[in-house]
Amino acid sequence: MRTEHLHCNNPLTGVRNLGILAHVDAGKTTVTERILYVTGATYKRGEVHDGTTVTDFDSQERDRGITIFAAAVSCDWDGHRVNVIDTPGHVDFSDEVERSLRVLDGAIAVFDAVAGVEPQSESVWRQADRYGVPRIAFVNKLDRAGADLDLAVESIRERLHTVPLVVQMPIGQEDGFIGVVDLLRMRSRVWSDGCDTFEDGPVPETLREEACRRRRLLEEAVAELHPVALEEFCAESTVSARTLAAALRDLTLAGDAVVVLCGSAYRNRGIEPLLEAVVAYLPSPLDVPAVRGTVDGSVQERVADPAAPFAALVFKVNSTARGRLTYLRLYSGTIGKGEAVLDVEARRTERIGRILRVQADRHAEVERAVAGDIVAVVGVKAARTGATLCTPAAPLILEPPRVADPVVSVAVEARRSIDTDRLVSALARLVEEDPSLTVRTDRETGQTVLSGMGELHLEVAAEKMRRAHGLDVSVGRPQVAYRETVARGVSGLVYRHVKQDGGAGQFAHVVLDAEPLDAAGLDGSGSAVDFVFHSTVVGGRVPTEYVRAVEAGCRDALAEGPLGGHPVTGLRVTLTDGATHPKDSSEMAFRTAGRLALREALRACAMVLLEPVAEVTVTVPDDAVGGVLGDLAARRGRISGSTARAGTAVITATVPLAELFGYASRLRSRTQGRGTFTSRATGYAPVPSRAPNGMPSR
């Protein structure tokens, strides 16, 4: 089934901006490729194993067989413009997912019919929860041995804590999977073997009883959640297909449930119903709340209206042969070639040279873009990821995507001294394109240190410098990012800062309490914070502006802890008293006092060294379980569960990230190449009394 290409300027009701989310190897890139093929955007089915996919166009992606960079594509289906972003599934590239979800209106979550919900499935689901992105689910790979739709759905219910509403049932099992039954219309759709055609018909007699049972379960589940469906169910003892469809859309948009479909993307079965569900249940830009931003401290809203003042968020920057591409999601207004826009936070005016409709690494130039569009522009020279571009006469600052703190670092240097300047330039380009990478110079060794989200993340960055910039670089052994925290605090620490060297002096007197930050340390949105400061000073003994200076000084002191110079986290500081001098007190003096006072307080506290830990899921043959468990124990892993699945064992454990370097090759050697593992960062945990680097906790 193919659709003719439609005019790109669809009304906003006909636009869908969605992402494909999944654990690595669940088949999301194949789903994206089949969407492009079915809609006529491509005329040949791309395959990951052949390196012929549209969205995995980077040479490293094709070499490694995984998605590394989020890629945007567009297609048309049933009168709708569908903008799709294929996101990475590997944990090291979760920040690419974060930036994509910030600008998407909806998402398709892809699950493996054999494995169900996997660790990274949970992570991307939580990311989508954070941005309130409505989702539908697609249980993929129903043609695999061991595929079970019901078990996959149950894992969605148990592990993602949502209500799955299954609207299809499979026809055939495993290699005999040939089609689906639509439980709303009670019709079957069967795909022909070896070609791209399908045939709609009645439900096969052998499946009618089971289909009716599942339809009844769907009606009951929807009636429990939706008042209109409940009213009809009570009055008629059934719910019509029209009412079900409307209720499913309402529940999806509200995030109260998730519609579940099934199929096999590799065999091109189930893609057309998936696209129909995208149009029916996922929101248009008009269905999502108006975007909110700030202007001079006040909150304003911008509706998705092409006639409103222009406002767009930069969610990706990329350097290509065409020049610097800046990817935008337009939330309001219209932008045309040659127009001037304002980068609000940088207070810089930029001019739009060209506007491009993106098809992965291919681009089609358009004259203008309107609210709801996802496009790339050429000519914007300095805007960074997370920047807001808007009409100069109507400035607005939109919330940028969150950037996670890096957890792994390596030292990098050019093998030839004449390439040092080129290395600096290449690193700056990497950080500009990927904000989850950071670069610093080690003050003790003078080495250039590149930090990122994982070992693979840094491998990809180093290889990109070699391939894209022609640099011969050497990379040191990975090091994890340690943290320090307070186990037992101090109270009433007095610090007096006095400096007199001619002219106006400096005077600041502060009294601090430093204590561990308990579970109540949350910000206004309920998210955990690493540092809380407040003042209990009364009587104006320390003016408000000096209190703010003390807080700033304390934040300065958090950069280096007393154990090993690592950042300090999980700390609450209370300013309980202080004193000023009528002439010599200043904000600078109190900031200095705050910094030095907290450093002294931390030296007096009982400190604990923290290291990053990861949840590891290892899948191995039954005969290799003993050796793998022993190896995990040797790596200081804590086993949290083990399940049997069709001749294999699935082991879950929490392991220090520092112990996972090189684990992939070690696992392959222990299992004769049959073992696999995935991991996701879960936070920090105390280092044992004698850590691998010889740094004991105090």
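Which residue takes a positive phi in the hairpin of β12 and β13? In this predicted model, local features need pLDDT of at least 70 and side-chain atom pairs count only at pLDDT 80 or more, whereas totals for chains, interfaces and linings use all residues. Residues are numbered from 1 along each chain as its sequence is written, and side-chain values use heavy atoms, with hydrogens and water left out.

The residue is Asp296, with a phi near 55°, in a hairpin that has two residues between its strands; strands are DSSP runs of E of at least two residues, and helices are runs of H or I of at least four, numbered from the N terminus. Strands count as paired if DSSP finds at least two bridges between them. Five bridges join β12 to the antiparallel strand β13 (residues 298–302), where Gln300 is the bridge partner of Gly293. Two bridges join β12 to β24 (residues 397–398), also in antiparallel fashion, and there Ile397 is the bridge partner of Thr294.

By class, the lining of the second largest pocket has 20 nonpolar, eight polar and 10 charged residues, where Ala, Val, Leu, Ile, Met, Phe, Trp, Tyr, Cys and Pro count as nonpolar, Asp, Glu, Lys and Arg as charged, and the others, Gly among them, as polar.
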